[in-house]
Amino acid sequence: MKRRARTAAGTVRAERLAPYVLVAPAVLIIVALRLWPLALGVNFSFTGDGEYNGAFVGPGNYLELAGDPLFHLSLRNVGLLVLLLPLAVAIPGLLATFIYLRVPGHRVYRSVYFFPAVLSPVIVGAIFNLMLGYEGPLNSALAAIGAGPVDWLGDPGIAMFTVVGVHIWATFGMALVVFLAGFSTLDASLLDAARVDGASLRRTIWHVIIPSLTRTIQFVFVTTMIGMLTSMFGLLFVMTSGGPEGSTYLPEYYIWHQQGQMNRPALASAASTVLFVVMLVVGLLQITLLRRAGRQD
């Protein structure tokens, strides 16, 4: 009996340890490849550049960022991205809804919408540079209907909107795939009940689809935000180089400029740390707001 009791206790202990053993490799990889480099970067941000190379300067780099108008401008552009984020999520969400509801040609649309996601940002930027040039096809089409030309990439008031629009077009295919995966968990009987009750498409989306895909929407919001803050460098470099007048400057472009052009890696590390904190705060706020909205529904 004692041997059986010890065997049973050992089995219970092994079952309790099994999840930790299975998770341990992933945790070690995250710590080694993510958290440790992040800690090194934060530590490096408290050192100096130039003649103070490697010397501890405390919060000096952060104080310099606080007084840099160009960095302030890049953060204001982050605020603009956050305001445009719902649009960047709504577009693939609506397209995924139409595909799920099997509009005519939905299989073709699935491939067509995803295709831009496999293109290099450099290629996308070069294509839209030709299309959006002052004498490009888009302005020629506007002229054909009597509208004046628009300086899509040279006007500080609209250049950022133009680049963001191109980025959304080039990347929403991935969000579309995530939404379609989320639709696979949707209870079809809810949609059937909405049809029987005579609900319009708008009411079906608002009262059935959105509440059912809350977790998917949260995921797409966070990943889209991260993509907009960390994956637009290629487009910015090719299309505007941060101009005109710094109107398309983003923190990632500022980081590249300080690191690659000004040879100030410590200042770039400080800017990277600030960007990480901004993404963390905005992401947590988004998740909190979406959870509250889901509870209210």
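This is a predicted model: local features need pLDDT of at least 70, side-chain atom pairs count only at pLDDT 80 or more; totals for chains, interfaces and linings use all residues.

## Salt bridges, helices and backbone

Residues are numbered from 1 along each chain as its sequence is written, and side-chain values use heavy atoms, with hydrogens and water left out.

One of the salt bridges joins the side chains of Arg264 and Asp49, at 3.5 Å from N to O. The two residues are 215 residues apart and link distant parts of the chain, with Arg264 in the loop between H12 and H13 and Asp49 in the loop between H1 and H2. Helices here are DSSP runs (H or I, at least four residues), numbered from the N terminus.

| Helix | Residues |
|---|---|
| H1 | 2–44 |
| H2 | 60–66 |
| H12 | 251–261 |
| H13 | 265–296 |

The axes of H8 (residues 188–196) and H9 (residues 201–212), lines fitted to C-alpha atoms over the stretch in contact with angles from 0 to 180 degrees between N-to-C directions, come within 11 Å and cross at roughly 170°. H8 is therefore roughly antiparallel to H9 (an angle over 145 degrees). In this contact (heavy atoms within 4.5 Å), Leu190, Leu191 and Ala194 of H8 meet Thr204, Val208, Ile209 and Ser212 of H9.

In the backbone, a cis peptide bond with omega of about -5° joins Gly243 and Pro244, and Pro244 lies in the loop between H11 (233–239) and H12. Glu245, also placed in the loop between H11 and H12, has a positive phi near 55° although the residue is not glycine.

Methods:
Angles under 35 degrees count as roughly parallel, over 145 as roughly antiparallel, 65 to 115 as roughly perpendicular and the rest as oblique. A salt bridge is a side-chain nitrogen of Lys or Arg within 4 Å of a carboxyl oxygen of Asp or Glu.
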